[in-house]
Amino acid sequence: SDLTKSVLAQRVSCQLCYKPYVDPRILPCLHSFCQKCLHDEILKVCSPRSLQCPSCRLSVTVPVGGAGAFPPNLHLGFEVEVFGYVVKMDGESAVPCDSCVNKIDNPAVAFCCTCCEFLCVVCKDFHKRARRLLQHRVVGLGNESAALLPSILKPGDHHCF
């Protein structure tokens with residue numbers, strides 16, 4: 001639903017660039033920003049060894065490796081990936097099948113929550129027949145499935161994360 005997308009979009013947006021996080025890094029104050037945004041903030045300050053958190057203004061020591069040396073925020077990275085799936089599932093345009101070699105000819109009709117792949121009719125049916133894929137959770141595309149996706153996907157439970 002639009003509400004689900006809106007809530008997710010806010011959670012996965014960097015407060016500096018207002019876009020979904022790219023390689024989110026977490027500061028000691030627990031605020032997160034894109035690595036590139038942090039890098040740009042470090043370049044703006046006079047001292048490359050110290051930075052004020054753009055959210056709370058706490059003085060933070062910049063690690064020797066710069067913005068890339070702050071720890072990655074894996075949870076936010078996961079949420080950004082889920083947000084991307086929700087946008088594709090709820091979108092107007094056709095999504096190609098991730099499993100097929102010729103993706104153009106086979107639009108997706110379902111999403112496998114275990115493989116984290118969009119599936120065409122043939123691949124969806126294969127998921128129902130192949131013994132090793134029978135336990136996979138496959139959902140249809142559209143508003144209802146997109147709204148449920150954040151509660152279905154959990155970090156570490158899937159092959160793609």
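Student: Before we look at any residue, what does "buried" mean here, in terms of relative accessible area?

Tutor: Buried means under 20% relative accessible area. Take F118 in this predicted model: its relative accessible area is 0%, so F118 is buried. For the protein chain of 161 residues, buried residues make up 38%.

Student: How should I get my bearings in the chain, and how many helices and strands are there?

Tutor: Start with the inventory, then read the order. The protein chain has five helices and seven strands. Along the sequence they follow the pattern α-β-β-α-β-β-α-β-β-α-β-α.

Student: How many bridges join β5 to β7?

Tutor: Three bridges join them, with β5 covering residues 110-112. As a landmark, look for F111, which stands opposite V139 in β7.

Student: How do I read the nonpolar core?

Tutor: Here is the general idea: in soluble globular proteins, nonpolar side chains tend to be buried together. In this structure the largest nonpolar core has 35 residues, and those with the most contacts inside it are L27, F111, L149 and L153.

Student: Which elements supply at least two residues of that core?

Tutor: Among them are β2 (32-34), α2 (35-44), α3 (74-89) and α5 (143-152). Helix α3 gives the most, with eight residues. Apart from this core lies another, of seven residues, including C97, C100, C112 and L119.

Student: And the aromatic rings: how many pairs does a search of the whole structure find?

Tutor: It finds three aromatic pairs. For each pair, check the centre distance and the angle between planes. Y85 and F111 form a tilted pair, at 4.9 Å centre to centre with 50 degrees between the planes.

Student: Why does the Y85 and F111 pair tie together separate parts of the sequence?

Tutor: Because Y85 lies in helix α3 and F111 in strand β5, the pair ties together parts that are 26 residues apart in sequence. Y85 is buried, with a relative accessible area of 10%, and F111 is buried at 0%.

Student: What kind of pair do Y85 and F118 form?

Tutor: That pair is edge-to-face, at 6.1 Å centre to centre and 65 degrees between the planes. The cut-off for edge-to-face is over 60 degrees. Y85 lies in helix α3 and F118 in strand β6, so this pair ties together parts 33 residues apart in sequence. Y85, F111 and F118 form one aromatic cluster.

Student: Finally, what does the accessible surface of the protein chain come to?

Tutor: It comes to about 9500 Å², of which 57% belongs to carbon and sulfur atoms.

Conventions: Residues numbered from 1 in each chain as written. Predicted model: local features only at pLDDT ≥ 70, side-chain atom pairs only at ≥ 80, totals over all residues. Heavy atoms only, no water. Core = buried A, V, L, I, M, F, W, Y, C linked by side-chain atoms within 4.5 Å. Buried < 20%, exposed > 50% of the residue type's maximum accessible area, 1.4 Å probe, protein only. Helix = DSSP H or I, 4+ residues; strand = E, 2+ residues; numbered from the N terminus. Pairing = 2+ DSSP bridges. Areas by Shrake-Rupley, 256 points an atom, 1.4 Å probe, with all protein chains shown as cover. Phe/Tyr/Trp six-rings, centres within 6.5 Å; stacked < 30°, edge-to-face > 60°.
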